[in-house]
Amino acid sequence: LGCILAELIIRRPLFMGENYVEQIDLILEVLGTPSKDDVQFISNRNALRHIQRKERKNPMDFRKLFPNANPEMLDLMSEMLEFNPNNRIGVDSSLDHQYFTCLRVKETETTCQTTLDFGYENPKLTISDLKKIFLEEATSSISS
């Protein structure tokens, strides 16, 4: 969510890497070099090795990076853009943040009572399934 908030300000992608190495470099350029504790969640050995080989960098000053942004927004963004996902501000705390004080009417909010199933986003498809889907997609645009 921190990236989206930043992108609303700058009106372009914040970290637009062509591959995972470039993506990591762009993130480190803004957030600085993470501590040893902050990289413990990384399971990709190549990515971890790349980060560990990088020269130490301090984080950028968000006030300079986003000079026209509201100070409360910058504070919230800095809490959202923590390198370690375990250190990022949570949804409820984000909504309680001072930045949303004038926008939020807590009494009108509802909470979903069921767990959402996003299993459809990662279907186990075979090559045959993919060929069938591509063919259906290609032929549907011809007949439309």
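**View A. F100 counts as partly exposed, at 22% relative accessibility.** Buried means under 20% relative accessible area, exposed means over 50%, and partly exposed lies in between (1.4 Å probe, protein chains only). This is a predicted model: local features need pLDDT of at least 70 and side-chain atom pairs count only at pLDDT 80 or more, while totals for chains, interfaces and linings use all residues. Residues are numbered from 1 along each chain as its sequence is written, and side-chain values use heavy atoms, with hydrogens and water left out.

**View B. Three aromatic pairs occur in the structure.** One of them joins F62 and F66: the ring centres are 5.8 Å apart and the planes stand at 80°, so this pair is edge-to-face. F62 counts as buried at 10% relative accessibility. F66 counts as buried at 2%. Another pair joins Y99 and F100, with centres 5.2 Å apart and planes at 65°, so it is edge-to-face. Rings of Phe, Tyr and Trp (its six-membered ring) pair if their centres lie within 6.5 Å; planes under 30 degrees apart count as stacked, over 60 as edge-to-face, and the rest as tilted. Two values describe any such pair: the distance of the centres and the angle of the planes.

**View C. The largest nonpolar core has 23 residues.** Those with the most contacts inside this core are I51, F62, F66, M77, L81 and F83. Two or more residues come from each of α1 (2-10), α2 (20-31), α3 (45-53) and α5 (71-80). The largest share, five residues, is given by α5. A nonpolar core is a set of buried Ala, Val, Leu, Ile, Met, Phe, Trp, Tyr and Cys residues joined through side-chain atoms within 4.5 Å. Helices (H or I, at least four residues) and strands (E, at least two) are DSSP runs, numbered from the N terminus. In soluble globular proteins, nonpolar side chains tend to be buried together.

**View D. Which residues is F83 in contact with, leaving aside its neighbours within four places in sequence?** They are I27, L28, L31, P34, D38, V39, F41, I42, I51 and R88. Contact means heavy atoms within 4.5 Å.

**View E. α2 and α3 pack at an angle of about 40°, and their axes are 11 Å apart.** That angle makes α2 oblique to α3. Angles under 35 degrees count as roughly parallel, over 145 as roughly antiparallel, 65 to 115 as roughly perpendicular, and the rest as oblique. Their crossing is right-handed. From α2, the contact uses Y20, V21, I24, D25 and L28; from α3, it uses N46, A47, H50 and I51. Axes are lines fitted to C-alpha atoms, for helices over the stretch in contact, and angles run from 0 to 180 degrees between N-to-C directions. A crossing is left-handed if the near helix is turned anticlockwise from the far one by less than a right angle, and right-handed if clockwise.

**View F. H50 is found in helix α3.** Is H50 buried or exposed? At 18% relative accessibility, H50 counts as buried. Not counting residues up to four places away in sequence, H50 touches V21, I24 and D25.

**View G. α1 and α5 pack at an angle of about 145°, with axes 8 Å apart.** This crossing is left-handed. G2, L5, A6 and I9 of α1 meet M73, L76, M77 and M80 of α5 in the contact.

**View H. L31 lies in helix α2.** L31 is buried, with a relative accessible area of 17%. L31 and E82 are 51 residues apart along the chain, yet their C-alpha atoms are separated by 7.4 Å. Not counting residues up to four places away in sequence, L31 touches P59, F62, L81, E82 and F83.

**View I. V30 also has its place in helix α2.** V30 counts as buried at 8% relative accessibility. V30 and D61 are 31 residues apart in sequence and 8.3 Å apart in space, C-alpha to C-alpha. V30 touches F15, P59, M60, F62 and L65, not counting residues up to four places away in sequence.

**View J. R11 has a positive phi of about 60° although it is not a glycine.** R11 sits in the loop between α1 and α2. R11 is exposed, with a relative accessible area of 74%.
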